[in-house]
Every structure is written in C-alpha cells, then in structure tokens.
Amino acid sequence: MDADDLLKHYAAGNRQFLQVRLRQANLSETCLARINLGQANLSGTNLSGACLRGANLSEATLEEAILWRTDLREALLIWACLSRACLIRATLRKVDLHKAVLTRADLRLADLRYADLGDANLEGADLRYADLTGANLAGANLSKVNLTGTNLSKADLYNVNMTKAILSRTDLRHTDLSYVNLDGVNMCNVNLNGASLPESFLNMAG
C-alpha cells in the first residue's frame, strides 16, 4: 500500500491500517483523524501539518519522520519509536507517549500539555521552549535533554533522570524534584517558585 491507496481507503471510511508500511511517504497536510496505524512503519514519512487527532500509533515506527506542526492531540503513541523525528511546533496535548522512544527528537515549541510521557526515553532530545505544563514524566529519561525555556510547571517528575540536562530559563514552578536525578545540572536562571528540591541539592546550596 502506498500513500495514495491509504488516502483512498480512508476517504471511503476505512480507519484500520494496522502494521501498514509507508516508509518515506508524503502525507503532509492530510486529515487522518482517528486512524489506526498501530505497529505501522512510518520511518521518514512526511506528516507535516497533518491532522492525526485521536489516532492510534501505538508501537508504530516513526524514526526520522517529519511531524512539523502535526496535530496529534489525544493520540495513542504507547511504545512508539520517534527517534530523531522532527516534532517542531507539533500539538501533542494529552497524547499518550507512555514508554515511547524520543531519543534525539526535535520537540522545539511543541505543545505537550498534560501529555503522558511516563517511562519515555527522551535522551538527547531538544525540548527548547516546549510546553509540558501538567505532563506526566514519571520515570522518564531526560538525560542530556535541552530544556531551555521549557515550561514544566506542575509536571510529574517522580524518578526522572535529568543527568547533564540543560536547564536555562526553565519553568519548574510547583514541581516536586525530590526524586529527580540532577547530576551535572546547572540550576541557574531556573524558576523554582513553589518547587520541592532534593535534600542533596538543598545541602549543596546551603
């Protein structure tokens, strides 16, 4: 199946495309709301500006996919692989990315408000100026992540690994950092109003 076939079947009312292979296809600016692309191979596929609201992409492979400005609100991306994907300005509000792989993904200016990123691997990802207000990041790997200007206020950061992450002008208001690994992290210019800090950090600051 190629991109044209998929669009024809979708227009005819079909939403089930489990395990479809569409590597490096062009699906930009298309509407694929509520589509089931579970376990699909979409590596390198161009989905920029597409509407995938409420779509099922669980266990899908989206390595190096282009998802610039893509609407993924309330989509399921559990166990999905988005390594090195471009998600600049993507709308990922309330998306389920539990245990997803987002290593070295580009998430600059992405809207991740109230998203579920529990146990997700974001090592080396670029999250500059992304909005993760109220997001669930419990158990996530944020090592070497660039969090410059990122909004993490009210996010769940239980057992998050932030080793060598870049925190500059990061908003951490009203977060609990008590169980966060902050090894090698510079906390200068970080908004910590109302945040709970690890005892080790407080001792160092004192």
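A charge sits over a ring if NZ of Lys or CZ of Arg is within 6 Å of the ring centre and within 35 degrees of the ring normal. The views below show a predicted model.

**View 1. Arginines over aromatic rings.** R15 lies over the face of Y10. The distance to the ring centre is 3.7 Å. At W68, the charged end of R69 sits over the ring. Here the distance to the centre is 4.3 Å. A search of the whole structure also finds one aromatic pair.

**View 2. The surroundings of A165.** A165 is in the loop between α1 (3-11) and α2 (199-205). Its relative accessibility is 5%, so A165 counts as buried. Leaving out residues up to four places away in sequence, A165 touches L142, K144, V145, L147 and V185. S143 is 22 residues from A165 in sequence, yet their C-alpha atoms are 5.3 Å apart.

**View 3. The salt bridge of D71 and R73.** The closest N and O atoms of D71 and R73 are 2.6 Å apart. D71 is buried, at 13% relative accessibility. R73 is partly exposed, at 24%. The structure holds twelve salt bridges.

**View 4. The salt bridge of D131 and R113.** The side chains of D131 and R113 meet at 3.9 Å, N to O. Both residues lie in the loop between α1 and α2, so the pair ties together parts 18 residues apart in sequence. D131 is partly exposed, with 21% relative accessibility. R113 is partly exposed too, at 29%.

View 5. R128 and D126 bring their closest N and O atoms to 2.6 Å. R128 is partly exposed, at 30% relative accessible area. D126 is buried, at 14%. Salt bridges with shared partners join R93, D111, R113 and D131 into one network.

Technical notes. Residues numbered from 1 in each chain as written. Predicted model: local features only at pLDDT ≥ 70, side-chain atom pairs only at ≥ 80, totals over all residues. Heavy atoms only, no water. Phe/Tyr/Trp six-rings, centres within 6.5 Å; stacked < 30°, edge-to-face > 60°. Helix = DSSP H or I, 4+ residues; strand = E, 2+ residues; numbered from the N terminus. Buried < 20%, exposed > 50% of the residue type's maximum accessible area, 1.4 Å probe, protein only. Contact = heavy atoms within 4.5 Å. Salt bridge = Lys/Arg side-chain N within 4 Å of Asp/Glu carboxyl O.
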